[in-house]
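Open the model in a viewer and keep the selection panel at hand. The tour goes from a pocket to one residue in its lining, and then to a cavity.

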Amino acid sequence: MPTPRFSLSRRSLLTAGTAVGAGALLTACGSGPRESASDDTTGEAGGGDGWSFTDDRGVTVELPATPERVVAFIGSAAALHDFGVECVGVFGPTVGADGEPDEQAGDLDVTKPTVLGNAWGEFDVDTYATLEPQLLVTNMFGEDALWYVPDDARDQIERLAPTAGITASPTTLRVAIERYAELAEALGGDLKAAPVVEARERFDAAAESLRQAARDNPGVKVLACSASADLFYASTPDAYADLSYFAELGVEVITPDDVEGGYFENLSWENADRYAADVLLLDNRSSALQPADLTDRPTWTRLPAVQAGQIVPWPSETRFSYAGCAPFLEELATAVRDAERVA
């Protein structure tokens, strides 16, 4: 098995709650830094010139026509859906043990696309081939790795269809959303459609509301965190597109002192109170423990933010669309505006 091309700490975060990719022969698996902003990084659909899109590795996918059979990581598929593009297949956490859609599925009807895998390391290559994929889309963290594309099957997957990776870290929220909007438009999505325009207006209003809340209630300290059976993870805003954006808007997001691998600090439960926070953003993924799972942990229940009820469910793997992010921005704005200084 080749050396994983992603941060091991990011992989650890994935499993924090349990202890926690005629175009088939195109070479789209190269890597390298994205070219300058003046380069053509948008796609062009239709016409006699074919279709192309340059992803965030600097890899340009070129096809005879706009790809219609797109397969994507579930969060990517949910974002594309918000921009009016549907995928024929998805992979990654799509449904929970109860059969309900995972949080990362967003507004996507998970009964429509073919699910190629529902957990880390799961990707049904044979079924993927039967879908006759024309493009695979996923996020990238760290060193241009394709999120949820298993390393041991990556060569097979990339022989079946070209891949496009969109940077999820390091970046900031608006940049990532705009890149998904560019890709969606290249795939035929209408960015002027009423739902998309309304979602962007809502996002903009929510961002301004959060900025104002930070001004109106200065000094409120916010800690983004994730809970597992053995560890309490304190996340750094430097590595998360959403947290970085909140900080840009004036929110005082705590930066942990001893970040390992670039994403978070591992704290034993005895040290869960290391950072004084007024508001907790708690990872709401199905892999992470939730407040109801933590009632028997004294160090959790004694946290000032917990005692004050100042906990906000945090979608730590962001759905990069205006529709996907606006509701959380609104919720966070309310939490910051109403927060009591308890730390």
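The first stop in this predicted model is the largest pocket, with a volume of about 320 Å³. Select Glu103, Pro315, Arg319, Gly324 and Phe328, which lie nearest the centre of this pocket among its 18 lining residues. Next, colour helix H7 (241–248) and helix H10 (322–338); each supplies at least two residues of the pocket lining. H10 gives the largest share, six residues. By class, the lining of the largest pocket consists of eight nonpolar, six charged and four polar residues.

Now centre on Arg319, in the loop between strand S14 (311–314) and H10. Is Arg319 buried or exposed? Its relative accessibility is 14%, and because buried means under 20%, Arg319 counts as buried. Show side chains here: those of Arg319 and Asp107 are joined by a polar contact of 3.0 Å. To see the surroundings, select Gly75, Ala78, Ala79, Asp82, Gly106, Asp107, Gly324 and Cys325, which Arg319 touches when residues up to four places away in sequence are not counted.

The last stop is the largest cavity, which holds about 80 Å³ of space. Of its 13 lining residues, select Phe141, Ala168, Ser316, Thr318 and Phe320, the closest to the cavity centre. Then colour strand S6 (135–141) and strand S8 (163–169) along with H7; each of these elements supplies at least two residues of the cavity lining. H7 also supplies at least two residues to the lining of the largest pocket.

Methods
Residues are numbered from 1 along each chain as its sequence is written. This is a predicted model: local features need pLDDT of at least 70, side-chain atom pairs count only at pLDDT 80 or more; totals for chains, interfaces and linings use all residues. Side-chain values use heavy atoms; hydrogens and water are left out. On a 1 Å grid over the protein atoms alone, a cavity is a set of points where a 1.4 Å probe fits but cannot get out, and a pocket is an open set with protein on both sides within 12 Å along at least five of seven lines; lining residues have an atom within 4 Å of a point. Grid points are joined across faces, edges and corners, and a volume is the space filled by probe spheres set on the points. Helices (H or I, at least four residues) and strands (E, at least two) are DSSP runs, numbered from the N terminus. Ala, Val, Leu, Ile, Met, Phe, Trp, Tyr, Cys and Pro count as nonpolar, Asp, Glu, Lys and Arg as charged, and the others, Gly among them, as polar. Buried means under 20% relative accessible area, exposed over 50%, partly exposed in between (1.4 Å probe, protein chains only). A polar contact is a pair of N or O atoms within 3.5 Å; within protein, one must be able to donate a hydrogen and the other to accept it, and residues adjacent in sequence count only if both atoms are side-chain atoms. Contact means heavy atoms within 4.5 Å.
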